[in-house]
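Here's a quick briefing to read alongside the model. Have the viewer open and follow the topics in order.

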Amino acid sequence: MSYKFCNICFLDSSTVEIKIKVEPADEYQELNEKTPCKQETSDSRSSIKRELNDDSLDGHPSKEVKWEPKNWRQLIENIRQMRQAILAPVDTMGCDQFTSDAETMIPDRHKRYHCLVSLILSSQTRDQANHECMVRLKKHGLTPESIVSTDDAVLEKLIYPISFYRNKTKFIKQMSQILIDQYDGDIPNNIKELLKLPGVGKKMAHLCMRSAWNVVTGIGVDTHVHRISNWLQLIPEETKQPEATRIALEKWLPFEIWDEFNHLLVGFGQTICTPNFPRCNDCLNAPICPARGMRPIRKTPMKKAIKPEKLEF
């Protein structure tokens, strides 16, 4: 508190000093008078928005925002914990197992070839069936040269009962000839050229780049990743096709998670978040899962360990 002195003169020339009390300005008055911020309305996907820049001065562009799912970090961390506790078929029979083959006598280019062949065969096929097929092919001789020289009827028997085994026989033979003619028996090291190979789609190409070349170029979205991303509302709108799911995921999911995302969700979908009768009673995400209660669940106890099939590579 402060006082201000002023002199007041009267007609008889006498002067009197009067103290005038000066109150300090209310430093919070301006803040309290501001219009409250408008609250954002929540949508059906329970999303939040992440600011990408902090331009707040007048005349600057408005803040750019990026969509994020609600609780996504907790959802993924819970999936990590469940995946560590339960072994899934993809952990022992996935395509990346062929590039980490312990047999040092196999050239790296052949390991990469095995990875690509496994991916082509895996389309709409269970890992167990794909694994058995790869075992037969490796015993027969799985190199571009040996596959090209194999009669179609023999190759079909080796691949059967893989789904679409006749078409996949043609794809593998055509692809193998292209690899011999254009890549010295190796596979391409980029997405653009991988997609030119018969039977190779975007999901396979991205998975192959990650597994065979250890380069992350995108998120591999198969039926499990597609389904679970929609169930957990990890995308802003429901998608009908895996490719649409991949595009939506890559718009917001941090790049450092792309490498593990496919493997995490595939194993999770094989063991707990199954398409029919998911094991919600065993799922750590049950309390915050947007899809909880929408489907009948499996009530039988979950086995704490799944024994992998004996590898014969």
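How much space lies in the largest cavity? About 170 Å³, and by the rule used here the count comes to 1 cavity of 30 Å³ or more. Keep in mind that this is a predicted model, where local features need pLDDT of at least 70 and side-chain atom pairs count only at pLDDT 80 or more, while totals for chains, interfaces and linings use all residues. Residues are numbered from 1 along each chain as its sequence is written, and side-chain values use heavy atoms, with hydrogens and water left out.

- On a 1 Å grid over the protein atoms alone, a cavity is a set of points where a 1.4 Å probe fits but cannot get out, and lining residues have an atom within 4 Å of a point.
- Grid points are joined across faces, edges and corners, and a volume is the space filled by probe spheres set on the points.
- The largest cavity is lined by 15 residues, and the closest to its centre are Trp231, Cys273, Pro278, Cys280 and Cys289.
- Sort that cavity lining by class and you get 11 nonpolar, 1 polar and 3 charged residues; here Ala, Val, Leu, Ile, Met, Phe, Trp, Tyr, Cys and Pro count as nonpolar, Asp, Glu, Lys and Arg as charged, and the others, Gly among them, as polar.

- The largest pocket holds about 1,200 Å³ of space; a pocket is an open set with protein on both sides within 12 Å along at least five of seven lines.
- Ser122, Thr125, Asp222, Thr223 and His224 are the closest to the centre of this pocket, out of 49 lining residues.
- Helices that give two or more residues to the pocket lining include α3 (89–93), α4, α10 and α11 (223–231); helices are DSSP runs (H or I, at least four residues), numbered from the N terminus.
- The largest share of the pocket lining, 7 residues, comes from α13.
- By class, the pocket lining has 18 nonpolar, 22 polar and 9 charged residues.

**Helix α4 against α10**

- The axes of α4 (residues 108–122) and α10 (residues 202–213) come within 10 Å and cross at roughly 150°; axes are lines fitted to C-alpha atoms, for helices over the stretch in contact, and angles run from 0 to 180 degrees between N-to-C directions.
- That's why α4 and α10 count as roughly antiparallel (the label for angles over 145 degrees; under 35 is roughly parallel, 65 to 115 roughly perpendicular and the rest oblique).
- α4 passes α10 in a right-handed crossing, meaning the near helix is turned clockwise from the far one by less than a right angle, with anticlockwise being left-handed.
- On the α4 side, Arg112, Cys115, Leu116, Leu119 and Ile120 meet Met204, Leu207, Cys208, Ser211, Ala212 and Trp213 of α10, where contact means heavy atoms within 4.5 Å.
- This contact has 9 nonpolar, 1 polar and 1 charged residues.

**Helix α2 against α13**

- α2 (residues 72–85) packs on α13 at an angle of about 60°, with the axes 10 Å apart, and that makes the pair oblique.
- α2 passes α13 in a left-handed crossing.
- Among the contact residues are Trp72, Ile76 and Arg80 of α2, along with Phe261, Leu264 and Phe268 of α13.
- Here the class count is 9 nonpolar, 2 polar and 3 charged residues.

**Helix α5 against α7**

- The axes of α5 and α7 come within 8 Å and cross at roughly 140°, so this pair is oblique.
- Cys133, Arg136, Leu137 and His140 of α5 meet Leu155, Leu158 and Ile159 of α7.

- A cis peptide bond joins tyrosine 160 and proline 161, with omega at about 10°, and proline 161 sits in the loop between α7 (152–159) and α8.
- Aspartate 184 has a positive phi of about 55° although it is not a glycine; look for aspartate 184 in the loop between α8 and α9 (191–194).
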